[in-house]
Amino acid sequence: MRTRRGLPVVAAALAALALLVAGCGTPNPAAQTRLDGHVTGHTTDHTTGHTTGPGPAPGSTAATAHAAKPVAPARPSALRTGETMRTVTSPVSYTPKAPRTGTDDYRCFVLDPGLARDAFVTGFDIAPGQPAEVHHVILFRVPPSAAPAARARDAESGGNGWTCFGGTGLGSRGASLDDAPWVGAWAPGGRENVLPADVGIPLKRGSLLVMQVHYNLRHGVTPDRTSVKLRLSSSTRLKPLETMLYPAPVELPCRAGKSGPLCDRSAAVADVTARFGAMSGPIVNGLLLVCNGTVIPTPGPTQSCTRRVDAPATIRAVAGHMHLLGSSLRIELDPGTARARTLLDIKVWDFDNQGSVPIPATAIRPGDSIKVSCTHDQAWRDKLPDLQGLPERYVVWGEGTTDEMCLGLLSVTRP
């Protein structure tokens with residue numbers, strides 16, 4: 001295999017990319033009709049479901065649109081023995097704005113859960129103040145040793161938060177692809193997430209949370225104030241739940257017969273870098289290096305990445321993440337071997353339905369491999385309102401709603 005000298009730097013950068021739902025509560029309905037609910041008037045009868053290990057996939061229901069009228073939240077689940085509920089809210093009402101160019105604003109806010117003793121997060125319910133504007137919300141855990149740095153960063157803006165493309169901007173602080181430092185997240189389709197009774201996400205006494213909110217400015221710039229309900233438990237019997245990230249490259253060329261300045265890959269990478277900062281280029285090429293052992297891309301609609309497991313763990317839930325050009329996503333354990341198993345199979349991707357899916361406890365061990373594969377399709381440019389009027393481009397990994405990603409997530413416990 002060719003050199004991977006860039007792996008430590010790339011891994012640290014990718015670990016800061018908090019993109020999707022962590023945890024393993026009640027799953028959302030399976031991915032469904034891609035266009036149903038989008039404000040195009042177009043209809044289709046394609047339906048599908050998640051395949052999660054052995055057994056049939058869940059049934060299908062109608063999908064909702066990112067800009068559709070919000071559905072009334074379900075009644076919260078009852079607290080279990082030893083649990084308490086605590087609500088933390090963005091300290092300010094924030095009006096999003098693009099800090100550079102483009103139509104995306106990533107903003108980080110400091111939240112203090114007021115922990116007087118060590119605790120586990122056993123569930124969460126994230127409520128965006130302006131769901132139509134919010135692309136995702138991520139809760140990062142900040143250990144007590146890093147709390148002063150978080151408060152100092154927030155103080156620089158007078159308590160108004162800070163721009164935070166990628167991660168929190170506070171440094172990786174030991175984070176890795178195999179233990180991403182977040183507590184929970186919301187993406188379209190998200191709802192209350194209650195973890196199984198035997199697991200929790202550990203928070204030390206004096207810890208803070210940094211809440212990253214990604215605003216999609218194509219849906220407005222109304223002031224937003226997002227809140228979070230945390231289920232907390234002080235039980236010492238819970239198993240710590242961790243999140244493992246499995247990113248793959250995105251190398252989607254312009255369609256045949258289409259042209260434009262951004263159809264050149266170098267120009268497309270430069271554009272992403274201009275919008276999201278200097279780490280964008282290294283992430284794009286670093287993904288190729290990590291996954292393929294080379295920085296020379298092989299353009300095409302389907303990209304994948306296989307990574308070896310370094311330490312034993314038990315998978316409790318799986319999730320995937322792409323953006324609007326996504327068509328399908330698959331996560332596999334030990335593909336091509338006698339142990340081969342499909343952990344997640346989203347045959348028709350629905351941006352508005354990105355829930356984490358519980359699976360039967362599945363042990364993984366050193367030497368096993370996890371493969372994530374994503375297929376993207378430029379044809380969605382002609383069908384989805386969010387992509388109307390945008391120039392044709394070679395699509396690489398980028399943080400904007402109209403850029404793309406390919407990410408698998410595993411929620412795991414350790415022996």
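**Figure 1. Buried residues of helix H4 in the predicted model.** The buried residues of H4 are Ser280, Gly281, Ile283, Val284, Gly286, Leu287, Leu288, Leu289, Val290 and Cys291. Buried means under 20% relative accessible area, exposed over 50%, and partly exposed in between (1.4 Å probe, protein chains only). That makes 10 of 13 residues, and H4 is mostly covered. From first C-alpha to last, H4 reaches 18 Å, close to the 18 Å expected at 1.5 Å a residue. The expected span of a helix is 1.5 Å times one less than its number of residues. Just after H4, Gly293 takes a positive phi of about 75°. Helices (H or I, at least four residues) and strands (E, at least two) are DSSP runs, numbered from the N terminus. This is a predicted model: local features need pLDDT of at least 70, side-chain atom pairs count only at pLDDT 80 or more, and totals for chains, interfaces and linings use all residues. Residues are numbered from 1 along each chain as its sequence is written, and side-chain values use heavy atoms, with hydrogens and water left out.

**Figure 2. Helix H3, its cap and its cover.** H3 holds 12 residues, 265–276. Its end C-alpha atoms are 17 Å apart, which agrees with the 16 Å that the helix should span at 1.5 Å a residue. Arg265, Ala268, Val269, Val272, Arg275 and Phe276 are buried in H3. Seen down the helix axis, these buried residues fall within an arc of 130°, so they line one face of H3. The arc is that of the directions from the helix axis to the C-beta atoms. Their cover includes strand S2 (104–111), strand S12 (251–252), helix H4 (280–292) and strand S19 (395–396). Contact means heavy atoms within 4.5 Å. Asp264 caps the N-terminal end of H3, with a side-chain oxygen 3.2 Å from the backbone nitrogen of Ser266. A polar contact is a pair of N or O atoms within 3.5 Å; within protein, one must be able to donate a hydrogen and the other to accept it, and residues adjacent in sequence count only if both atoms are side-chain atoms. Just after H3, Gly277 takes a positive phi of about 105°.

**Figure 3. The open sheet of five strands.** The strand order is S5-S2-S9-S4-S6, and the pairing is antiparallel. Strand S5 (162–163) and strand S6 (182–186) stand at the edges, each with a single partner strand, so one side of each has no neighbour in the sheet. Two strands pair if DSSP finds at least two bridges between them.

**Figure 4. Strand S9 and its two partners.** Eight bridges join S9 (residues 208–216) to the antiparallel strand S4 (residues 134–142). Val134 has Tyr215 as its bridge partner, and Leu139 has Met211. S2 also pairs with S9 in the antiparallel sense, over eight bridges. Here Asp105 stands opposite Tyr215. Both faces of S9 are covered. Leu208, Val210, Gln212, His214 and Asn216 are buried on one side, and Leu209, Met211, Val213 and Tyr215 on the other. Nine of the nine residues of S9 are buried, so the strand is largely enclosed by the rest of the structure.

**Figure 5. Ala311 and its contacts.** Ala311 lies in the loop between strand S13 (302–308) and strand S14 (313–321). Ala311 is partly exposed, with a relative accessible area of 32%. Not counting residues up to four places away in sequence, Ala311 touches Ile364, Pro366 and Arg414. Ala311 and Ile364 are 53 residues apart in sequence and 8.1 Å apart in space, C-alpha to C-alpha.
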